Amino acid sequence: MHQYKNYYDVLKVTADAPIVVIQAAFKALIQLNHPDHFEGREDESVMIAMQLREACDVLTNPASREQYDRWLGKESGTP
(Lines give C-alpha, C1' and ligand atoms only; values in the text may rest on other atoms or scores of the structure.)
Protein backbone atom coordinates (compact mmCIF):
# COMPACT_ATOMS: atom_id res chain seq x y z
CA MET A 1 0.00 0.00 0.00
CA HIS A 2 1.39 3.41 -1.00
CA GLN A 3 1.56 5.88 1.86
CA TYR A 4 1.02 9.58 1.19
CA LYS A 5 4.13 11.71 1.71
CA ASN A 6 3.37 15.15 3.05
CA TYR A 7 5.41 18.17 2.01
CA TYR A 8 7.59 17.97 5.12
CA ASP A 9 8.44 14.36 4.24
CA VAL A 10 9.13 15.30 0.61
CA LEU A 11 11.67 17.91 1.74
CA LYS A 12 12.94 15.78 4.64
CA VAL A 13 12.36 18.55 7.20
CA THR A 14 10.42 18.74 10.46
CA ALA A 15 7.07 20.50 10.75
CA ASP A 16 8.66 23.30 12.77
CA ALA A 17 11.53 23.92 10.32
CA PRO A 18 12.21 27.59 9.63
CA ILE A 19 11.94 28.87 6.05
CA VAL A 20 15.73 29.02 5.59
CA VAL A 21 15.99 25.31 6.44
CA ILE A 22 13.20 24.47 4.00
CA GLN A 23 14.93 26.46 1.26
CA ALA A 24 18.26 24.78 1.99
CA ALA A 25 16.64 21.33 1.92
CA PHE A 26 14.98 22.16 -1.39
CA LYS A 27 18.29 23.29 -2.91
CA ALA A 28 20.15 20.19 -1.72
CA LEU A 29 17.44 17.78 -2.89
CA ILE A 30 17.03 19.48 -6.26
CA GLN A 31 20.80 19.08 -6.85
CA LEU A 32 20.73 15.47 -5.66
CA ASN A 33 17.88 14.68 -8.05
CA HIS A 34 19.34 16.47 -11.07
CA PRO A 35 18.60 14.75 -14.42
CA ASP A 36 22.32 13.98 -14.79
CA HIS A 37 21.86 11.42 -11.98
CA PHE A 38 18.88 9.82 -13.74
CA GLU A 39 20.35 8.82 -17.08
CA GLY A 40 17.61 7.12 -19.04
CA ARG A 41 15.04 8.09 -16.40
CA GLU A 42 14.94 11.86 -16.84
CA ASP A 43 11.14 11.89 -16.56
CA GLU A 44 11.49 10.54 -13.01
CA SER A 45 13.82 13.43 -12.18
CA VAL A 46 11.28 15.92 -13.53
CA MET A 47 8.50 14.42 -11.38
CA ILE A 48 10.69 14.62 -8.28
CA ALA A 49 11.61 18.23 -9.09
CA MET A 50 7.93 19.13 -9.46
CA GLN A 51 7.12 17.58 -6.07
CA LEU A 52 10.03 19.39 -4.44
CA ARG A 53 9.05 22.74 -6.00
CA GLU A 54 5.41 22.39 -4.93
CA ALA A 55 6.39 21.48 -1.38
CA CYS A 56 8.87 24.36 -1.15
CA ASP A 57 6.38 26.87 -2.57
CA VAL A 58 3.70 25.92 -0.05
CA LEU A 59 5.98 25.68 2.99
CA THR A 60 7.89 28.92 2.39
CA ASN A 61 4.71 30.99 2.10
CA PRO A 62 3.42 31.65 5.64
CA ALA A 63 -0.27 31.80 4.60
CA SER A 64 -0.23 28.63 2.50
CA ARG A 65 1.86 26.83 5.12
CA GLU A 66 -0.65 27.67 7.85
CA GLN A 67 -3.50 26.42 5.67
CA TYR A 68 -1.55 23.26 4.79
CA ASP A 69 -0.74 22.59 8.47
CA ARG A 70 -4.45 22.93 9.34
CA TRP A 71 -5.29 20.47 6.55
CA LEU A 72 -2.64 18.05 7.84
CA GLY A 73 -4.15 18.30 11.34
CA LYS A 74 -7.57 17.36 9.98
CA GLU A 75 -6.12 14.45 8.01
CA SER A 76 -4.31 13.05 11.04
CA GLY A 77 -7.28 13.62 13.33
CA THR A 78 -5.53 16.17 15.56
CA PRO A 79 -7.02 19.60 16.24
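Reader: Is Arg41 buried, partly exposed or exposed, and at what relative accessibility?

Author: Burial is read from relative accessible area: buried means under 20%, exposed means over 50%, and partly exposed lies in between (1.4 Å probe, protein chains only). Arg41 counts as partly exposed because its relative accessibility is 39%. This is a predicted model, in which local features need pLDDT of at least 70 and side-chain atom pairs count only at pLDDT 80 or more, while totals for chains, interfaces and linings use all residues. Residues are numbered from 1 along each chain as its sequence is written, and side-chain values use heavy atoms, with hydrogens and water left out.

Reader: How many salt bridges does the structure hold?

Author: Side chains of opposite charge can pair when their charged atoms come close. A salt bridge is a side-chain nitrogen of Lys or Arg within 4 Å of a carboxyl oxygen of Asp or Glu. The structure holds three of them.

Reader: Which side chain does Arg41 meet in a salt bridge?

Author: Arg41 meets Glu44, with N and O at 2.8 Å. Glu44 counts as partly exposed, at 34% relative accessibility.

Reader: Which residue forms a salt bridge with Asp57, and how far apart are the closest N and O atoms?

Author: The partner is Arg53, and the closest N and O atoms are 2.7 Å apart. Helices (H or I, at least four residues) are DSSP runs, numbered from the N terminus. Asp57 and Arg53 are separated by about one helical turn because they are four residues apart in helix α3. Asp57 is partly exposed, with a relative accessible area of 40%, and Arg53 is partly exposed at 39%.

Reader: Where do Arg70 and Glu66 lie, and how many residues apart are they?

Author: They lie in helix α4 (residues 62-76), four residues apart, so about one helical turn separates them. Arg70 counts as partly exposed at 48% relative accessibility, and Glu66 is partly exposed with a relative accessible area of 48%.

Reader: Which residues form the negative surface patch?

Author: Patches are made of residues with over 30% relative accessible area and no salt bridge; like charges are joined within 9 Å, and nonpolar side chains (Val, Leu, Ile, Met, Phe, Trp, Tyr) within 5 Å. Asp and Glu count as negative, Lys and Arg as positive, and His and the chain ends are not counted. The place of a charge is taken as CG of Asp, CD of Glu, NZ of Lys or CZ of Arg. Here the negative patch is formed by Asp36, Glu39, Glu42 and Asp43. Glu42 belongs to helix α3 (residues 42-59) and is partly exposed, with a relative accessible area of 38%.

Reader: Which residues form the nonpolar patch?

Author: Val46, Met47 and Met50 form it, with about 300 Å² of accessible area together. Accessible areas come from the Shrake-Rupley method with a 1.4 Å probe; for residues, only the protein chains shown count as cover. Val46 lies in helix α3 and is partly exposed at 44% relative accessibility.

Reader: Is Asn33 buried or exposed?

Author: Asn33 counts as buried, at 16% relative accessibility. Its place is in the loop between α2 (19-32) and α3. A polar atom of the Asn33 side chain lies 2.8 Å from the backbone oxygen of Leu29. His34 is in the loop between α2 and α3, and is partly exposed with a relative accessible area of 37%.

Definitions and conventions: Helices (H or I, at least four residues) and strands (E, at least two) are DSSP runs, numbered from the N terminus. A polar contact is a pair of N or O atoms within 3.5 Å; within protein, one must be able to donate a hydrogen and the other to accept it, and residues adjacent in sequence count only if both atoms are side-chain atoms.
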